[in-house]
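Trainee: I have a new model on screen. Can we go through it together, one question at a time?

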Amino acid sequence: MPHETDEPPSPAAEGARAFGGAVVAVVVAGTVALLTRQPWLLPSLGPAIMLHVEQPEKPQASPRNTVIGHLVALLAGYALLVATGLTDRPSAFQEGVTGLRIVAAVGSLAVTSLVLVLLKAAHPPAGATTLIVSLGLLHTPGQLVVAAAAVVLVTLVDLLFNRATGRRMPLWQSPDAPGSGRAATWREE
């Protein structure tokens, strides 16, 4: 790891590091997509990668929150597709927005938000993932497995990139101690 100094890096150095991290993560996921002919590149990976490389120390960027966030989002989106009977329908971009599609979108985003608050696992890019599913862009169990694997892959790539470039990206957020009034703490694992 590079030697840490008391002086913060310049904006240009931080920008170059974020640029490099984004390039590495998308190239890795894109290469896997090319080799497997599966959707390893999905729109919600963009904001997740940006969060990882621009603000890796934030709780929302932790691998724990990233993986839990997208997993909850994928499951909520698919559950609402099933509940509304839209699993075999064309996406909202092909068919147009219908009342059932709005129900699926609203329900998936609301459920994702609720569960992530309850789990203390905030990860805003998961909101995009749940909409990608409930709008029908990803709608089969196989596609959801690939999407989950893509999240794990880019999270691991970003974690390794951050560590290799001297940036701290905590793995896990400790929950607040009940009744202590203390803020959540971070620990490296």
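Mentor: Buried residues account for 40% of the chain's 189 residues. Keep in mind that this is a predicted model.

Trainee: In what order do the elements of the chain run from the N terminus on?

Mentor: Start with the inventory: the chain has seven helices and two strands. From the N terminus on, the order is α-α-α-α-α-α-α-β-β.

Trainee: Among contacts between residues at least 6 apart in sequence, what share joins residues at least 24 apart?

Mentor: Take the contacts in the chain between residues at least 6 apart in sequence. The share of them that joins residues at least 24 apart is 71%.

Trainee: Is H1 parallel, antiparallel, perpendicular or oblique to H2?

Mentor: Helix H1 covers residues 11–36 and helix H2 covers residues 45–54. They pack at an angle of about 140°, with axes 9 Å apart. Roughly antiparallel needs an angle over 145 degrees, and 65 to 115 is roughly perpendicular. That makes the arrangement of H1 to H2 oblique.

Trainee: How many residues of the contact of H1 with H2 are nonpolar, polar and charged?

Mentor: H1 brings Arg17, Ala18, Gly21, Ala22, Ala25 and Val26 to the contact. H2 brings Ile49, Val53 and Glu54. By class, the residues of this contact are six nonpolar, one polar and two charged.

Trainee: What covers the buried residues of H2?

Mentor: First, the buried residues of H2: Leu45, Ala48, Ile49, Leu51, His52 and Val53. Their cover includes H1, helix H3 (63–84), helix H6 (125–134) and H7.

Trainee: Is arginine 167 buried or exposed?

Mentor: Arginine 167 sits in the loop between helix H7 (141–164) and strand S1 (172–173). Its relative accessibility is 16%. The cut-off for buried is under 20%. Therefore arginine 167 counts as buried.

Trainee: Which side chain makes a polar contact of 2.9 Å with the side chain of arginine 167?

Mentor: Two polar contacts of the arginine 167 side chain are worth checking on screen. At 2.4 Å, the partner is the side chain of glutamate 14. At 2.9 Å, the partner is the side chain of glutamate 57.

Key:
Residues numbered from 1 in each chain as written. Predicted model: local features only at pLDDT ≥ 70, side-chain atom pairs only at ≥ 80, totals over all residues. Heavy atoms only, no water. Axes fitted to C-alpha atoms, helices over the stretch in contact; angles between N-to-C directions. Helix = DSSP H or I, 4+ residues; strand = E, 2+ residues; numbered from the N terminus. Parallel < 35°, antiparallel > 145°, perpendicular 65-115°, else oblique. Contact = heavy atoms within 4.5 Å. Nonpolar A, V, L, I, M, F, W, Y, C, P; charged D, E, K, R; others polar. Buried < 20%, exposed > 50% of the residue type's maximum accessible area, 1.4 Å probe, protein only. Polar contact = N/O pair within 3.5 Å; in protein donor to acceptor, adjacent residues only side chain to side chain.
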